[in-house]
Amino acid sequence: MDVQLKRGLLDVCVLAAIKDEESYGYKIIKDMQPYVRLSESTLYTILKRLEDAGMLTVRNALHGGRLRKYYRITASGRKRIDDFKADWEEIMAVYRFITKEDRRYD
Amino acid sequence: MTKQAFLSRLEKGLSGLPREEAAARAAFYSEIIDDRMEEGLSEEDAVAGVGPVDKIVAQIIEETPFSTLAKQKIRPKRPMSAWEIILLILGSPLWLSLLIALFAVVLAVFAVIWTVVLVFWIVDLVLFCGFLGGAAGGVLLLAGSSGFAGLALFGAGIVLTGLSLLLFFVCRAVTLFAAFLTRKIALMFKMLFV
């Protein structure tokens, strides 16, 4: 898959993984596992990028005697997901146009 | 490998990064290994699951801009005393010229590599010109009276074309190899600052 496209997709996937409730690193990887395999270093880079862009916030919380980082989505993070869905509608329309042409030449 | 061994190897590998950045990376891995163990994995398996340390370090270094690595390298580990600053300034004719020499050597290596590439392409171009000359000369001589000489010249032209076509593929391979070498050397140079 195109690198730029995949990068944008993964950003939205991570946002989707925390959209219902806040989550932590290992849980995000596990929740995404059935759909896309994500390495820990890639996840770190994405989380950092989304935090810098203000799409999520981070808090430290005690869990079983150690600290765990929890990630919570922000309003602009939710907007990113909505924008993605809107873009995708357009892309699907173009996709239908492209495959329609295919059928005509079959 | 134990979690502690993994983390200390990771931090050692990332010593070229700003300290807080390296610590944040290590804390991130530490948390995930703990979470894996909490789910019932053994320490060994939990560590193995995140992948080999060397690969992780190489990936992080490649993602980090060169300027960050260089800045971290030249930042003193503790505040410098006045004497150290004076010595540093007095010594600048020595270390500054050594640093410039190091940069110059790397640049020279790049120049040598790409000169070889250039030579290959020039030879190929010359051979191709030989074809044009041979063909033109041959046609001219054939049109005149000296048929045999014209034919020989034309033949020589065709041989040169064949050679230039063959050499074209060699040139392409040499160019690709030079690009590969350039990338490798640049990465090696980056690693000097880690």
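Predicted model: local features only at pLDDT ≥ 70, side-chain atom pairs only at ≥ 80, totals over all residues.
The predictor assigns the complex an ipTM of 0.81 and a pTM of 0.60. For chain B the average pLDDT is 85, and 97% of the residues score at least 70.

Chain A is built from four helices and two strands. Starting at the N terminus, its elements come in the order α-α-α-β-β-α. The chain has 106 residues, of which 19% are buried. Of the contacts in chain A between residues at least 6 apart in sequence, 52% link residues at least 24 apart.

The largest nonpolar core has 14 residues. The residues with the most contacts inside this core are A:Val14, A:Leu15, A:Ile18, A:Ile28, A:Leu47, A:Leu50 and A:Leu56. At least two core residues come from each of helix H1 (3-17), H2, H3 and S2 of chain A. H1(A) supplies the largest share, four residues. In soluble globular proteins, nonpolar side chains tend to be buried together.

Neighbours within four places in sequence aside, A:Ile18 contacts A:Ser23, A:Ile28, A:Leu56, A:Tyr71, A:Arg72 and A:Ile73. Two of these partners, A:Ile28 and A:Leu56, are also named among the core residues with the most contacts.

Helix H3 of chain A can be followed in more detail. H3(A) has 13 residues and spans 18 Å from its first C-alpha to its last, close to the 18 Å expected at 1.5 Å a residue. Its buried residues are A:Glu40, A:Leu43, A:Leu47 and A:Leu50. They line one face of the helix, because their directions fall within an arc of 90 degrees when H3(A) is seen down its axis. An α-helix has 3.6 residues a turn, so residues three or four places apart point the same way. Just after H3(A), A:Gly54 adopts a positive phi of about 75 degrees.

Chain B has eight helices and zero strands, and along the sequence its pattern is α-α-α-α-α-α-α-α. Of its 194 residues, 12% count as buried. Among contacts in chain B with a separation of 6 or more, 64% are between residues 24 or more positions apart.

A last stop in chain B is B:Ala136, which is found in helix H7 (residues 92-143). B:Ala136 is partly exposed, because 13 other C-beta atoms lie within 10 Å, whereas a buried residue would need 20 or more. The C-alpha atom of B:Ala136 is separated by 9.5 Å from that of B:Gly150, 14 residues apart along the chain.

Technical notes: Residues numbered from 1 in each chain as written. Chains lettered and ligands numbered in written order. Contact = placed C-beta atoms within 7 Å. Core = buried A, V, L, I, M, F, W, Y, C linked by C-beta atoms within 7 Å. pLDDT = per-residue confidence, 0-100. Expected span 1.5 Å × (residues − 1). Arc of directions from axis to C-beta.
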